[in-house]
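Reader: I'd like to learn how to read helix packing in a model. Can you walk me through a case?

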Amino acid sequence: MARSEKQNMIRTRGLKRTFKARGRAREKDVEAVKGVDLDVFQGEIVGFLGPNGAGKSTTLKMLCTLLEPSGGTATIVGTDLSKNPDEVKRHIGYISQSGSTSSAARAGDELIWHGELHGLSRTEARKKGKSLLKALDLEGVWEQTCGTLSGGQRRRLDIVMGLIHEPELVFMDEPTTGLDPQARTNLWGHIGRLRDELGTTVFLTTHYMDEADALCDRVFIIDHGEIVGEGSPKELKKAVSGDTIRLTMRNGADTRAAMELGSSLGTATPVQVGNVVTIQVPEGASALPEIISALNKKNIEAIGIEMAQPTLNDVFLSLTGRSLRD
Amino acid sequence: MKQYVHDTMVVFRRAMTIALRNPVWIFVSIFQPILYLTLFGPLLERVAQVPGFPPGDAWLVFVPGLLVQLGIFGASFVGFGIVAEWREGVIERMMATPARRTALITGRVLRDVVMITAQGLILIGAGFLFGLRVSALEIVATLGIIALLAAAFSYLSYAAGLMLKSEDALAPLINMFALPILLLSGILLPMALAPRWLQIFSDFNPIKHVVDATRAIFRGEIMSYDVMLGSGLALLIVFLAAFVGNLAIKNQSE
Ligand SMILES: Nc1ncnc2c1ncn2[C@@H]1O[C@H](COP(=O)(O)OP(=O)(O)OP(=O)(O)O)[C@@H](O)[C@H]1O
Ligand SMILES: [Mg+2]
């Protein structure tokens, strides 16, 4: 189905949020989100990628009615967010970045009560809760007090809580933080199945390149409260011209020579970090022999050579001039 | 309305279950009132000989005061609980459900009211061991007023907790308000014993009139002016406090 025929689940225009500084110091106000336009369609899994403090959580909270926007408009599942937040809440699930369960409560109890607040009956909530726990490898925690769960178990319980009412649209704020690799992959699988079997639309934030790569149909990249890039992981990577070659040199003189070579061969200014030189080339496979022979002519040998296809980190680097890990 | 009641009851059941799962809490709830009576009561029997002490035997004066104190102090500190729940993300998670926001507060207030009323009943029961004698009607009427006080202070404490979101800021605030209110209400010693200026001062404290009302009930004067004034004021405070509490949770998204 073409994208335009599908229902628009999230549509924002110029969505803004400014946190007022205490007192009158207006210049200290934090413009956390500076006018964001998003379109997310039914059945999509969309990643929201950006470094710490980029404004991801702030945007999510606005879309979940937890924070009032300072400007702009948002329509969630066809309902105007500012006009009818109560209606919006009937269609969404929210998994916050920082937990959702009381350490003094039992996991199963929290699930049932949460389901009831969403309008499920106790029986429905118990049934749905148990099957979700099973899907996320959490069988057996039903009777356990949340405070005694391991970090990753409690995180997965948060996710089960957010999904218990089978929302049409789920917001997940860094769902996989604190999960071991196996639990992470398992969760990716589960999110994929949610979409395939129930048509659930998923909007999730992450710092992890591989996560967006493996899971998302489309990615929005946010930095300093502004969207700086949008597209499928593939498209975004294509936009970064070519491949990356990373040379590790023996000493300063060799490094300088490699930088010179990079300037003449590369498509962008080469980047030097210590004795490591990163060169962007149109096509790695043909550039590599060329680089090696050019270095040989000068009697220089690289002690390490690495070639990499662009990652989303490279995409971010080329869009913002900074690495995601900065 | 139906949804409001449903949501309130879910939040109430949740808060109740979690409280009842805490053995320390239960222990303190039961023994605190008994401890007050045993340690302070004997002292009061002497004081009751002093001229100017209100009519009735020492226990009839003392137990209502303790009940009011229970209502105010028991409820004033519940805000700590909501700060902890806020920190764990529970409040935010609930605010993103279709549940009415005010139900999230009211359900918790209801739990506090039930807990404190039960404590009040234990206290009166312990009072009987010391020779207190009041009728069932008087007990019900008094506990009704205590329940109102508990609701009011619980709403206010939750409001303060939600606004401050810090235990360190909440503790001094509660002390700053609760202590003068208690001292100026004649809870422990009747204001009739106070110098004139202090009495006038305390007349402006609504809690003083609530205490007077509960004492009048214990004396068997249920249909008196004191009782009407005290319970009317208690009702008024509940409405104001509920308004403030509901405002505090509605403003959470600003
Ligand atoms: N309640 C608040 N008051 C003041 N400033 C805030 C508040 N919440 C967030 N901010 C600021 O807004 C900016 C964006 O924060 P946000 O939590 O949205 O970032 P994020 O992209 O989710 O980051 P992370 O990856 O670390 O979770 C930050 O500079 C943060 O300090
Ligand atoms: Mg965040």
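Reader: At what angle do the axes of helix 10 and helix 11 of chain B cross?

Author: Axes are lines fitted to C-alpha atoms, for helices over the stretch in contact, with angles from 0 to 180 degrees between N-to-C directions. Helices are DSSP runs (H or I, at least four residues), numbered from the N terminus. Here, helix 10 (residues 206-218) and helix 11 (residues 225-250) of chain B have axes that come within 7 Å and cross at roughly 135°. Helix 10 of chain B is therefore oblique to helix 11 of chain B (under 35 degrees is roughly parallel, over 145 roughly antiparallel, 65 to 115 roughly perpendicular, the rest oblique).

By the way, this is a predicted model: local features need pLDDT of at least 70, side-chain atom pairs count only at pLDDT 80 or more, and totals for chains, interfaces and linings use all residues. Residues are numbered from 1 along each chain as its sequence is written, chains are lettered from A and ligands numbered from 1 in the order written, and side-chain values use heavy atoms, leaving out hydrogens and water.

Reader: Is the crossing of helix 6 and helix 11 of chain B left-handed or right-handed?

Author: Left-handed means the near helix is turned anticlockwise from the far one by less than a right angle; right-handed means clockwise. Helix 6 of chain B crosses helix 11 of chain B in the right-handed sense, while helix 10 of chain B passes helix 11 of chain B in a left-handed crossing.

Reader: Which residues of helix 6 of chain B make the contact?

Author: Contact means heavy atoms within 4.5 Å. Helix 6 of chain B contributes B:R101, B:T102, B:L104, B:I105 and B:T106.

Conventions. Helices (H or I, at least four residues) and strands (E, at least two) are DSSP runs, numbered from the N terminus.
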